[in-house]
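Open the model in your viewer and keep the selection tool ready.

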Amino acid sequence: MVIESETNEKHDISPVLDNNIMQSKMIFSVVMACFNCEDYLDETINSLINQTLSFEENIQLILVDDGSTDDTAKICRKYIESYPNNITYIYQENQGQGAARNLGLKYVAGKYVNFLDSDDKFSADSFQLVYEFFKNNEADIDFVTVPIFFFDNEEGHHPLNYKFTDDRIVNLFEDWDYPQLHANASFFKSNLFDKYQFATNLVSSEDALMINKILIDNPVYGLVSNAKYFYRKRDNNSSTLDSALYKKEFYLNRLNGYFKELINYSLEKYGEVKKFIQYLTVYDIQWMFRIQNIGEILSNDEITEAYAVIKDILSYLDDEVILSLREDNVNIVHHLLALKYSDVDVDSNGDVSCSDIHSDYDGEIARVYSADKEIDQLDIHKIWIDIIEIKENTLYLSGYLMSFFNDKDIEIEIVRTTDGNKEVYPAKRVYYKNTAKKFLGCTIEDRYNFDAEIPINENCTIEIFTRFTGKNSNQNSIWQLSVDFSYYARLSTLSNYSVYKSYFLELKGKTFHIVSYNYLKMLKSEIPVLLRVLKRREEYWDSILLIRTLYLLMYPIYKNKRIWLFMDKVENADDNAEHLYKYAMNKEDGIKKYFTVSKDSKDFKRLGNIPNLLAFDSVKHRLIYLLAEKIISSHPDEEILNPFINKNEKSYSGLNNADKIFLQHGVTKDNVSSWLYKYEKNLKLIVTVSDEEKKSFLDPGYNYDEEIIQVLGFPRFDNLSKAKECSNTIVIMPSWRKKLLYHSDEYIIESEFFKRINSLINNEKLIGICKKYGYNIIFKPHPRVYEYIELFETNDYVDIDEDSTYQELFKNSDLMITDYSSVAFDFSYMEKPVIYYQYGDDYNFEEGYFKYETMGFGEVVESEEDLVNTVGEYLDNGCKMKDEYKKRVNSFYKYNDKNNCERVYNAILNLKY
């Protein structure tokens, strides 16, 4: 049955009465709101058709097309042809999920109704199990719900699945921490919707609002534990909830129209806010607080307004309920308590602070208060270790304490004990950017980062103490806290020992023990690790046992052998590491060298003839990674370098102590201290190309010693030539935008970045000028942009390049258009012209030392028209770099002698090891 409709104000259902007579025999109706779901709709509908409870005899499907512009309608009509007595298709102009469901409810004929989302699915026995439960408990409940499981881009259990221990009826007056939010995983008595409907003014909470009004009126519902609802986590985060987080309405409308609405509804019925509504509020408001920089979404006035409502909402929540939130692994409950009791200030940047946070020592414990409410105490925390390593008889420690305490009231002391003699080494307080824990723009909890260098010998212990120096402190306000390790630390509580040449370091309890290395000691310490792996049997446990055992057998053979492992990226080479590797392989230095890249990549095939090429993540690669002395790469991130990431990587901590050498992927021109900081990357050499670039790495926030930053030149520059052969090609190479990560296609299409670049590559005047002068146009954006490359409009003239290497493009192109990308440095190094198209202020990083107007290697333009005109001027003069920009090139780069590989190789060779 097909119903065409542009609005949902009035619908004449008389043409479908005959069909409804047949559908009225159905047990279930499913109302499915559909919007641009062509990629998933077949799988979703088939999960209904394939139910063990006969679809044709028992299930009515109402498909409400909410203004889709893809092939959703075509797919719907296909299924109507196969099941004309089961399926109704309704079309309306886009009005949102709530309105679509309300429209579909007008055609419900079944006794029970569900609201399956158009990209999700049910397990095959779900309807049968739900029907049996209803038959046994019809008089007691208004609806039944089933557990939710994630699939597609993310797998796992929904955090509320703890409710489903068995099939039973929940009474929320007793089980008040059993909230229910999802209509898609629930089955309702159809007659409920004579009274209730979905709100149409909310983003993502229309389900929870309606369900909990039902529950306020009748606080019981059924749990069917063996049925399963599969919720799709899309890789582009384009689901309704995923995309809602970045809309203003998710905050302002929900605070009043959802949370306050339920509070008021409970007050009207009971004269109080029932605990289950309080818990629901704590549970569901936490997702709002997971957004860090709310100033990117709301204006200052809107933030102030939002926090006034939040304060009002929190005033109705009991402390007991706030503190009872399950699985609070980010300590959000104490942030909520702090906000509840303290005044809130919003500054001009949209950052939020609590004005009445203070601490003192009561003779036993140091505590933090929000007004008069305790929100933290020092002795419950851990010291987290970021860096632990031994070099030349010195232990290097970097770590942090995360707490609500002001850093001015904290000191870290390291105690070394040798033969009963204790010596105290005060740790140095160091500062990094973006270390505070920020919830909805509010920072209360922060990191106290520290560094320490302790001289050691082959028989000593190391202990870390935390001293409170604030109000009422004395000599007794000091604690030895538990020790744990960040995910990038080279040790863990499971893999708790490591070898550093002649030293053996092991964590026992809260104390580090340092003794002389011997293989027997290593074997004795390894046995408990293997037993822990075997006992826990966590994911990848069998691989962990295999690799650790092989490593243990190989270690005495390879302990004193020097191994260098080179790589660029997992899927790509042709960067500084590859070029340096080819140079280093010709050196007879007694060092075994390997290069790794994915076996499935084009570069693996291209590099097939070079010696010691390893397939990334192969067993051999993983072992070489653990045995290597140096990891040499154009990228510093563990997520790229470490083959054990996402494979229970902490189970291998302590085995790899390689120095990380950062060759850089591009010249650093911005302040990237919020990413390239020491406590996570712990780099032993950073290769730069100019004195200005080196100086920038000494700015606050990085915390590297000056000797680590060296001006040596990029190895790949040795392969670039100033000799210019005209190939009549313009290359467009914009950078990426961090703000577009993890957003829906709709969000990306509406961004200024997308609109500007899409317009440029389809600019008729630009194409016309290039045709006139005989120039090709290649569009080669940043790899991050390829994640949504299919969204760009295409034409017959501009080639979207996914195959050429960067070196090939640099050599074969005559003019580059970029915005902020560091590829401009490679291009200008060859004295080829660059144009910077900088239309706005949406770039990712904080501006650094490099000023485009005075240091850039080409014109900086803001409008597309000026850009196209500038391109025309360059094509008219044969794409020659202007003299003023040549002078800038020659003054910026320290070296242009094709000896960069030699300098970098020697610098690595001379590092301490």
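Two strands count as paired if DSSP finds at least two bridges between them. Helices (H or I, at least four residues) and strands (E, at least two) are DSSP runs, numbered from the N terminus. This is a predicted model: local features need pLDDT of at least 70, side-chain atom pairs count only at pLDDT 80 or more, and totals for chains, interfaces and linings use all residues. Residues are numbered from 1 along each chain as its sequence is written, and side-chain values use heavy atoms, with hydrogens and water left out.

**Stop 1**

Select residues 148-152, strand S8. Two bridges join S8 to S9, and the two run antiparallel. Now pick Phe149; opposite this residue stands His157 of S9.

Widen the view to the open sheet. Its four strands follow the order S6-S13-S8-S9, with mixed pairing. Which strands stand at the edges? They are S6 (121-122) and S9 (156-157). Each has a single partner strand, so one side of each lacks a neighbour in the sheet.

**Stop 2: the whole chain**

Zoom out. The chain has 30 helices and 44 strands. Its radius of gyration (taken over C-alpha atoms) is 31 Å, close to the 29 Å that the globule rule gives for 913 residues, so the chain is as compact as a globular protein of that length. That rule is 2.2 Å times the number of residues to the power 0.38. Along the principal axes, the C-alpha atoms fill a box of roughly 85 × 85 × 55 Å.

Colour by burial. Buried means under 20% relative accessible area, exposed over 50%, and partly exposed in between (1.4 Å probe, protein chains only). Of the 913 residues, 59% count as buried. The chain exposes about 38,200 Å², and carbon and sulfur atoms supply 45% of that area. Accessible areas come from the Shrake-Rupley method with a 1.4 Å probe; for residues, only the protein chains shown count as cover.

**Stop 3: salt bridges**

A salt bridge is a side-chain nitrogen of Lys or Arg within 4 Å of a carboxyl oxygen of Asp or Glu. The structure holds 61 of them.

Select Lys213 and Glu261. Their side chains meet in a salt bridge at 2.9 Å, N to O. Lys213 lies in helix H7 (residues 206-217) and Glu261 in helix H9 (residues 252-270), so the pair ties together parts 48 residues apart in sequence. Lys213 is buried at 18% relative accessible area; Glu261 is partly exposed at 30%.

Go to Arg416 and Glu423. Their closest N and O atoms are 3.2 Å apart. Arg416 is buried at 15%, while Glu423 is partly exposed at 38%.

Next, helix H17 (residues 602-606). Arg606 and Asp603 both lie here, three residues apart, about one turn of the helix. Their salt bridge has its closest N and O atoms 2.9 Å apart. Arg606 is partly exposed at 38%; Asp603 is buried at 9%.

Finally, select Lys391, Arg562, Glu629, Lys630 and Asp659 together. Salt bridges link these residues in a network.

**Stop 4: a nonpolar patch**

Show the surface around Ile527, Leu531 and Leu534. These residues form a nonpolar patch with about 270 Å² of accessible area together. Patches are made of residues with over 30% relative accessible area and no salt bridge: like charges are joined within 9 Å, nonpolar side chains (Val, Leu, Ile, Met, Phe, Trp, Tyr) within 5 Å. End on Leu534, in helix H14 (residues 519-536). Is Leu534 buried or partly exposed? At 36% relative accessibility, Leu534 counts as partly exposed.
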